[in-house]
Amino acid sequence: MNITLLGQGYESASKLSVGNQLIKFFANNEFHTFTGLSAFASEAGIKGLAKHINLSRKHFKSIAIVVGVDQKGTSKEALEELLNLKIKSFVFYQRSSPIFHSKIYLFEGKKKSELIIGSSNLTSRGLFTNVETSLLVSTDNNIESDRKIIEQLKDYFRGIFDFTDPNLERLSKKLIAELMKEG
């Protein structure tokens with residue numbers, strides 16, 4: 001297991017920004033599955049990754065993104081852009097506390113997995129320019145202790161990773177309209 005600090009925002013071009021790492025991993029044909037969880041998403045954040053997500057379809061078997069809509073941090077336009085990607089996209093929403101605030105990006109492959117956990121939302125600023133800090137955990141799937149951290153994550157968030165959590169709803173035009181009425 002290798003752990004790398006990802007930081008951004010203190011220099012004009014952050015090579016180790018979460019956004020740059022996501023782009024790099026979407027292009028890597030060693031990965032077959034991506035699951036992203038983000039408290040907030042913006043139209044610019046989704047649009048900025050759309051080309052890379054679409055190109056990754058050649059080698060990814062599954063691409064799923066779960067976003068929160070608490071505190072109106074995710075815009076209608078972001079939800080529409082996410083829907084346009086035609087991937088597994090979900091909204092996580094609880095009508096009472098606590099709010100959904102995770103920022104987790106997991107790329108899984110046969111030999112290795114890459115896990116980013118930190119403060120970067122799925123927004124253009126959160127991925128590239130805000131002062132943000134995350135950890136990139138690179139695992140070797142042949143090493144039991146490496147696999148264990150991914151297993152722990154997926155076990156803890158089982159209902160989100162298997163899309164059975166009662167607070168998850170598949171993104172649709174109808175759901176977007178309902179959420180906008182509530183807001």
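Colleague: What is the order of the strands in the open sheet?
Modeller: The order is β1-β7-β6-β5-β2-β3-β4-β8, an open sheet of 8 strands with mixed pairing. Two strands pair here if DSSP finds at least two bridges between them. Helices (H or I, at least four residues) and strands (E, at least two) are DSSP runs, numbered from the N terminus.

Colleague: Before we go on, what should I know about the model itself?
Modeller: This is a predicted model, in which local features need pLDDT of at least 70 and side-chain atom pairs count only at pLDDT 80 or more, while totals for chains, interfaces and linings use all residues. Residues are numbered from 1 along each chain as its sequence is written, and side-chain values use heavy atoms, with hydrogens and water left out.

Colleague: Thanks. Which strands stand at the edges of the sheet?
Modeller: Those are β1 (2–8) and β8 (168–170). Each has a single partner strand, so one side of each is left without a neighbour in the sheet.

Colleague: And how are neighbouring strands turned against each other on average?
Modeller: By 15°, with direction ignored. Axes are lines fitted to C-alpha atoms, for helices over the stretch in contact, and angles run from 0 to 180 degrees between N-to-C directions.

Colleague: Let's look at β3. Is it mostly covered or mostly open?
Modeller: Strand β3 (residues 62–68) is mostly covered, with 7 of its 7 residues buried. Buried means under 20% relative accessible area, exposed means over 50%, and partly exposed is in between (1.4 Å probe, protein chains only). Both faces are covered: S62, A64, V66 and G68 are buried on one side, and I63, I65 and V67 on the other.

Colleague: How many bridges does β3 make with β2?
Modeller: There are 6 bridges between β3 and strand β2 (residues 31–38), and the two pair in the parallel sense. T33 has S62 in β3 as its bridge partner. From β2 the chain crosses through α2 to β3, a β-α-β crossover that is right-handed. Right-handed means that, with the strands pointing away from the viewer, the path from the first strand over the helix to the second runs clockwise.

Colleague: What about β3 and β4, parallel or antiparallel?
Modeller: They run parallel, and 5 bridges join β3 to strand β4 (residues 88–92). G68 stands opposite F92 in β4. The chain goes from β3 through α3 to β4, and this β-α-β crossover is right-handed.

Colleague: How do the helices α2 and α3 sit together, then?
Modeller: The axes of α2 (residues 43–56) and α3 (residues 76–84) come within 7 Å and cross at roughly 20°. That makes α2 roughly parallel to α3. Angles under 35 degrees count as roughly parallel, over 145 as roughly antiparallel, 65 to 115 as roughly perpendicular and the rest as oblique.

Colleague: Which residues make that contact?
Modeller: E43, I46 and K47 of α2 meet E77, A78, E81 and L82 of α3. Contact means heavy atoms within 4.5 Å. By class, there are 3 nonpolar, no polar and 4 charged residues. Ala, Val, Leu, Ile, Met, Phe, Trp, Tyr, Cys and Pro count as nonpolar, Asp, Glu, Lys and Arg as charged, and the others, Gly among them, as polar.

Colleague: At what angle do α3 and α7 cross?
Modeller: Roughly 175°, and the axes of α3 and α7 (residues 173–182) come within 10 Å. That makes α3 roughly antiparallel to α7. The contact involves K76, L79, E80 and L83 of α3 with K173, I176, L179 and M180 of α7. By class, the contact of α3 with α7 has 5 nonpolar, no polar and 3 charged residues.

Colleague: New topic: where is T139?
Modeller: T139 is in strand β7 (residues 132–140). At 3% relative accessibility, T139 counts as buried. Not counting residues up to four places away in sequence, T139 touches K111, K112, S113, D146, I149 and I150. The C-alpha atoms of T139 and N2 are separated by 6.7 Å, though these residues are 137 apart along the chain.

Colleague: Last one: what is phi for K86?
Modeller: Phi is about 55°, a positive value although K86 is not a glycine. Most residues other than glycine have a negative phi. K86 lies in the loop between α3 and β4, and is exposed, with a relative accessible area of 67%.
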